[in-house]
Structure formats: C-alpha cells, structure tokens
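User: I am new to this structure. Please take a close look at one part of it, and then show me what surrounds that part.

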Amino acid sequence: MNTQAGMKLRVAVLGTGRMGSAIARRLADTGLPLVVWNRTRSRAEDLGVGIVAATPAEAVEMVDVVITSLTGADALRAAFGGPTGALARARGQSFVEMSTAGPDVLAELAPPVAKTGSTLVDAPVVGAPPNVLQGVELVLAGGERADVDRVRPVLERLGEVRHVGLLGSGARLKLVANSMMGALVLIAAELETAATGAGLDPGVTFDLLTRFVPSLAIRRPGYLDDRHEPTMFALRDLRKDLDLALSVFHRVDAHVPITALVREWIDEAAAVDADLDVSAVIRRYAQRNGSGVQPERGNGGAREARAVVVP
C-alpha cells in the first residue's frame with residue numbers, strides 16, 4: 001500500500017447506491033484519488049467523480065484501499081469472487097466493508113482476502129447519506145487495530161471513527177443501530193398520528209418528538225407532508241436489516257419481542273411502500289386510525305396534501 005508521508009491513498013468504492021454514492025462524493029470532495037464501480041455502469045458514471053472501472057478487479061488493481069457498499073451478502077460475494085471479482089487482482093490492499101450485510105459474510109470473506117496478502121475491516125456508518133456528505137457520520141470499525149488504523153485516514157473523512165472490536169463487531173453494532181432506528185420511526189409515527197387525532201397541532205408535536213430524537217428532523221416532510229422521496233433509507237432495506245438483526249439475536253437466545261414486533265410493522269409497511277423512505281410507516285398508522293394523507297396535483301403541478309378518509 002502507498003503509505004509514504006505526503007502521498008494520498010488511492011481509494012476504490014465498489015457500489016454506488018444511496019450510501020455508496022454519498023461515500024464516493026465525500027471522499028472525492030476531500031481530495032482523494034478515486035475509482036468507482038457499480039454493477040450498472042451508468043450509475044457510477046452519473047456520479048461524475050473519479051475513474052469508472054469496468055469490473056471490481058480493474059478497480060482494485062488501481063488502488064490501495066477498497067470500500068464496498070453493496071445491497072447485501074449475495075452482492076458482496078459476487079463482487080469479490082470470480083475472474084472479474086475484487087480478489088482476482090488483490091495484492092495487499094486494505095478492504096473496508098461498509099454495507100449492512102451482517103457478520104456472517106465477513107467470516108466467509110476474511111480467509112480469501114487474507115490469501116491475497118490484503119486486510120479486511122468492517123466499518124458501517126450510522127446515519128443517513130446527507131450526514132456522510134457533511135463528514136459527520138459515526139463509523140463503527142471492526143477488525144485488528146493495526147488494520148483499522150491503516151484505513152483511518154480515509155474513514156475519518158466521513159466522520160468520527162470508533163474501533164469497536166474484532167472483525168464483525170461493526171456489522172453487529174450496525175444491526176443494533178438499525179433495530180433502534182426501526183423502533184424510533186415507528187413510535188414517532190404512532191405518537192404523531194395519535195396526537196393529531198387528539199386535536200394537537202402536527203408540527204408542534206413533531207417539534208416535541210425531535211427534542212427527544214433529533215435525528216428525526218431530516219424526515220419532517222415525510223411525517224408532516226406525506227413526502228417520502230428522495231429516499232434516504234428505504235423500507236425494504238430496513239426490513240432486510242431487521243431480519244439480519246433477529247437472526248443474530250435469536251442465535252444467542254436473546255429475548256427481543258419489541259424488535260420482532262417492529263419487524264412485523266415494517267414488513268407491513270414495506271409490502272406497500274417498499275422503495276419509499278422509512279418515514280412512510282406513518283401511512284400505516286394513519287390508515288389504522290381511519291384517516292390518511294395522500295398527495296394530489298395542484299395548480300402548476302405543485303404537490304399539495306389533503307386529508308382523506310380511508311375505508
């Protein structure tokens with residue numbers, strides 16, 4: 001790896017979805033030489049940053065640090081394996097796994113990564129893409145301390161880096177974080193709709209809720225105006241993460257009835273609004289309470305909202 005003083009690490013970002021694209025933009029904005037790859041090439045090209053590689057292998061060959069931000073375990077296996085996969089041309093790189101794919105796939109990837117003379121850490125971020133772009137995320141880094149320290153200069157551009165334990169610790173903590181997030185978006189939706197039904201001003205209620213959970217503030221348009229796009233964190237992704245979390249928790253016989261209930265409600269919401277932001281859970285509460293908010297087109301195509309009765 002190129003670690004000489006005064007020389008910039010070269011970084012590849014494999015996966016340019018919502019989080020991957022935010023990571024790539026942030027690193028590019030801070031001046032790092034960047035290579036990007038995505039299975040759908042146009043999505044990588046649309047970023048307008050760095051060099052667009054044709055394959056993961058090509059991307060890895062050009063860099064010192066390889067960040068992966070993909071949709072799940074199967075996508076990771078596909079990106080790492082095969083003749084065009086990341087490991088085909090890996091020779092001593094530092095791999096940083098930032099997806100939310102659970103700890104099991106890390107145990108699968110660690111041996112083949114080590115055979116290439118490379119290292120592997122897991123470093124998921126806690127928060128939304130807008131926070132990544134501002135460099136104010138919390139990065140949960142798992143792995144050998146020396147391996148984490150090697151990539152710290154890159155990760156610190158995204159926010160606070162906390163070494164949380166051995167490989168897989170970051171992935172497990174991210175599942176804890178997303179389970180907590182699921183519970184919070186649900187209770188916020190529940191209280192928002194209940195308070196409105198009790199005659200309270202929705203905006204005043206939401207301001208009160210954000211006093212307890214400041215991170216809710218970025219979802220104000222969703223909770224108050226039924227606007228759940230652009231999607232920061234899709235309901236289908238939260239459903240996937242809750243499944244991963246429950247798998248980890250049940251394996252150690254943890255008693256997690258609330259998390260299981262949260263998963264049921266998120267599944268119900270995702271069955272209808274899978275691609276919308278998690279704030280769309282409020283639609284299910286509104287319907288259960290006998291009313292909802294639906295968008296309609298006003299003059300000039302502007303979005304307006306009106307209360308409607310749900311049969």
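Analyst: A residue counts as buried under 20% relative accessible area, exposed over 50%, and partly exposed in between (1.4 Å probe, protein chains only). This is a predicted model, where local features need pLDDT of at least 70, side-chain atom pairs count only at pLDDT 80 or more, and totals for chains, interfaces and linings use all residues. Residues are numbered from 1 along each chain as its sequence is written, and side-chain values use heavy atoms, with hydrogens and water left out.

Take helix 8, residues 169–197, as the part to study. Helices here are DSSP runs (H or I, at least four residues), and strands are runs of E (at least two), all numbered from the N terminus. Two packed helices are described by the angle between their axes and the distance between the axes. An axis is a line fitted to C-alpha atoms, for helices over the stretch in contact, and angles between N-to-C directions run from 0 to 180 degrees.

Start with helix 9. Its axis comes within 9 Å of that of helix 8, and the two cross at roughly 145°. The crossing is right-handed. Handedness compares the near helix with the far one: anticlockwise by less than a right angle is left-handed, clockwise is right-handed. Which residues of helix 8 and helix 9 meet? Helix 8 brings Ala188, Leu191, Glu192, Ala195 and Thr196, while helix 9 brings Pro202, Thr205, Phe206 and Leu209. Contact means heavy atoms within 4.5 Å. This contact divides into six nonpolar residues, two polar and one charged. Here Ala, Val, Leu, Ile, Met, Phe, Trp, Tyr, Cys and Pro count as nonpolar, Asp, Glu, Lys and Arg as charged, and the others, Gly among them, as polar.

The loop between helix 8 and helix 9 holds Ala198. Ala198 is exposed, at 61% relative accessibility.

Helix 12 covers residues 257–273. Its axis comes within 10 Å of the axis of helix 8, with a crossing angle of roughly 65°. This crossing is left-handed. On the helix 8 side sit Ser179, Gly182, Ala183 and Leu186; they meet Thr259, Val262, Trp265 and Ile266 of helix 12. Five of these residues are nonpolar, three are polar and none is charged.

Helix 13, residues 281–288, also packs on helix 8, with the axes 9 Å apart and an angle of about 40°. The crossing is right-handed. Helix 8 uses Val185, Leu186, Ala189, Glu190, Glu192 and Thr193 here, against Val281, Ile282, Tyr285 and Ala286 of helix 13. That contact has seven nonpolar residues, one polar and two charged.

Side chains of opposite charge can pair when their charged atoms come close. Asp207 forms a salt bridge with Arg220, with the closest N and O atoms 2.7 Å apart. A salt bridge is a side-chain nitrogen of Lys or Arg within 4 Å of a carboxyl oxygen of Asp or Glu. The pair joins helix 9 (residues 202–212) to helix 10 (residues 220–225), across 13 residues of sequence. Asp207 is partly exposed at 38%, and Arg220 is partly exposed at 31%.

Elsewhere, Glu160 and Arg162 meet in a salt bridge, 2.9 Å from N to O. Glu160 is partly exposed at 43%, and Arg162 is partly exposed at 43%. Arg10 and Asp64 form a further bridge, at 3.1 Å between the closest N and O atoms. This one links distant parts of the chain, 54 residues apart: Arg10 lies in the segment before strand 1 (11–14), Asp64 in the loop between helix 3 (56–61) and strand 4 (65–68). Arg10 is partly exposed at 36%, whereas Asp64 is buried at 3%. Arg18, Arg236, Asp237 and Asp275 are linked in a network of salt bridges. The model has 22 salt bridges.

Val96 touches Val65, Val66, Ile67, Thr68, Val121, Ala123, Val151 and Leu155, not counting residues up to four places away in sequence.
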